[in-house]
Amino acid sequence: PATIYLKDYEPPAYRIEQTQLHFALHEDYALVTATLSIARTAGAPETQALVLHGQALKLESIQLDGNTLGEGTYVIDEASLTLEAVPGEFELRTVVRIEPQNNTSLEGLYKSRTMFCTQCEAEGFRKITYFLDRPDVMSIYTVTVEADAARYPVLLSNGNCVATEALASGRHSATWHDPFPKPAYLFALVAGDLSVVEDSFTTCSGREVDLKIFVEPKDLDKCDHAMDSLKRSMRWDEETFGREYDLDIFNIVAVDDFNMGAMENKSLNIFNTSCVLASPDTTTDAGYQRVESIVAHEYFHNWSGNRVTCRDWFQLSLKEGFTVFRDAEFSSDMGSRTVKRVEDVTVLRTSQFAEDAGPMAHPVRPDSFIEISNFYTVTVYEKGAEVVRMIHTLLGAESFRRGSDLYFQRHDGQAVTCEDFVLAMEDASGVDLGLFRRWYSQAGTPEVSASGVYDEEAQTYTLTVAQRTPPTPGQTDKQPVVIPLAMGLLGDAGNLPLRLEGELPDTETSDNTHRVLTVDSAEQRFVFTGVNEAPVPSLLRGFSAPVRLDYPYTRKDLQALISHDADGFVRWDASQQLAVQVIMDVQAQLDAGSEPDVDPLLIDSVAAVIADTSLDPAMVAMMVTLPGENYLAELASHTGQADVDGIHAARDSVREALASALSEQWQSLFGRLHSVEPYQASGPEIARRSLCNAALGYLSADSVDGVELALAQYHGANNMTDRLAGLQAVAYFGNDVQRDAALADCFDKWHHEALVVNQWLQLQAMLPLEDALSRVQALMAHDAFDLRNPNKVRAVIGAFASGNPVNFHRRDGAGYRFLREQVAVLDGMNPQIASRLLGPLTKWRNYQGRGDMMRAELEELAAVSGLSPDVFEVVSRSLA
Ligand code: BAL
Ligand code: ZN
């Protein structure tokens, strides 16, 4: 397959000003009639051929300005339809036949259970009809959907419904018109027997918007949370970004079979059921939060993505990074800012840092790709959001808002680039972002090492900060980047006033204990004056830049930061750093054949955090939770290679030590926090449950009584969060009989709820038991499993490969072999999902004693003939 380069971008030679589509949907085929008003772009040569994208289409007829074109006047291959000579303006009509019922790729038009639906981003529209399927070709769409009236009473597309018609033979049709020009990737169609929940929203200028969520009838009781989230998002976007909704209707449809979480099609968002449905009995607190943030994310795309879209797919982060930043700000405003930040940074450090350090490393704005679906990554999304967050930090909130207003005003209705975004930010603020642009073009995670020297006599504290970015594939020479380093200095009694050398005392502001230093060269020194005690530096507050920070903290320093720094993120981060150090100690002890000896400082520190009533219980829960095994492996592979078994054993050992040393504290926490009051998805209640269940985890790890408590919670819970936490504790720490009985009971009671079954599958796929792989294979043979459903594939195969490190990395290589076999099978059905599952194998260089086996599986895959471009690209980059 061919590689596409950003440097080769050319504007389109033809525009499609109007697009009329007619869909005749049948059980074994669909006919799509496309009537396109096409014009040659000014300046394009008359001899320029028209090349339309098209894949898996059977052309039935083609007419140009009403005249049927005969064979020989056009050329069709597997990816395109070419007309060598066309007028400057003309109407092209094609009729194609497609087979949605056989479309297992879930791209284009396909069937999910009983309904028809679409997924067009990035390049799925070309599986629906011949078109210029690129985001800089924007068109006005009028769409008629025609289907059997009894099977498909609901017929939806983008924009407003302008006509409906009853037709012969029990069929009917609906016609939709979207007044906003849009790229093909935002097209959507749904036809099904769906129930609807309705509400309305009055925008800031008084426009009444009908809000509808369409679901299968059985899920009608699970829409309230999404609807509330949608209304909160609409209000928040008006208040925070000045963005008003622009149509009279906003529809959401929930579908079971979906490659992504959700999709922002203009006025017709399509959601994976797992990201929109929520009820206390089926959805955990994390699930409630996910629904809120994804509903917000897709809604926010209406401006950051739809009204202003991407010129080409290399600019994907223009809409995704910005929209993730927007949804994170929304979630922070709805709940706890620090908790949200800790959650996001955990994902970034575990997954994005690993991506940046591996064979798939790419800049936020990639330079090349074979298959764009492979670039819906944590780098484009999460690191992209960090880049926007750094601009926010460098400009300040007010200038950032002016920049965002200017961006939307300047580019409304256009398809633009990341550079246009940065220019708007610069023009509105007067801040020069010249070197800052490197964040868009340079891959890899910058490594920042800091050191400090206190001069008691001079009362100065000198902070030296150095940065380097390691080479990544295809980018060997790296330049320094602009790093906003938020910081403070912690003294015995609290944070110290900050004054940099050369500053006058009267430049001090009301909050003079917090600073953002701009680090933009390979090494810099910052001298603070008037420092009357040796401080502990509090660095990278709020995780102000996506870098690896290294400062030689002593454990006492970390304890000081944990107990009384002003920045909640730094307090949590220090607690993680302390835990990492102690886990590494224990790993070394176990390696040497010694008894593990857990540093009492960690135990004291956790005890102090538990006793600190000034802390949000959600923060306490996160501070007492040990860093995950994948994060520990990422850290280990950064400096050498990860020993998965050693990490697992050491982490277990430290957990046991904390469980046993603090058993009274866990019991009293659990006793104080456990509740059987009716479920509420409110911030304080979510926080309470998170800490209560963290305590339950430690209690179950510590004793059989703890497991009994977990079992009682599983059986007595009135909500999914507590039920799943109980089940998980029994499954991890109970004996075989308890585990198998509880798991069987759960399936028995909840087999009718697909979303509960998925959580049940996932929990089991991640159990670190000796027979985990055969359990996973048995789950795949279970009636509840379906290889065509991405949620189930992710719950079993994905969870095993990424969430069960000791079993995926089995010494005999059976975990790797299993994954390779599944990817090979899935590639023939759904290349996007197959390619995504491969992630853990691509990290073959990171694992001690395993690299050869992992690499061998990749080589085996590489030898398979007919690989999809998706899998081919990941395999070949990993082996390069
Ligand atoms: N645009 C694809 C799904 C999302 O990021 O919203
Ligand atoms: Zn998005």
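Two strands are said to pair if DSSP finds at least two bridges between them, and helices (H or I, at least four residues) and strands (E, at least two) are themselves DSSP runs, numbered from the N terminus. This is a predicted model, in which local features need pLDDT of at least 70, side-chain atom pairs count only at pLDDT 80 or more, and totals for chains, interfaces and linings use all residues. Residues are numbered from 1 along each chain as its sequence is written, while chains are lettered from A and ligands numbered from 1 in the order in which they are written.

With antiparallel pairing, four strands form an open sheet in the order S10-S11-S16-S13. Strand S10 (108–112) and strand S13 (154–157) stand at the edges, and each has a single partner strand, so one side of each is left without a neighbour in the sheet.

In S4, Leu50 and Leu52 make up the covered face, whereas Val51 and His53 lie on the uncovered one.

Turning to a helix, 11 of the 12 residues of H20 are buried (20 or more other C-beta atoms, placed from the backbone, within 10 Å of the residue's own), so H20 is largely enclosed by the rest of the structure. Among these buried residues are Trp760 and Leu761.
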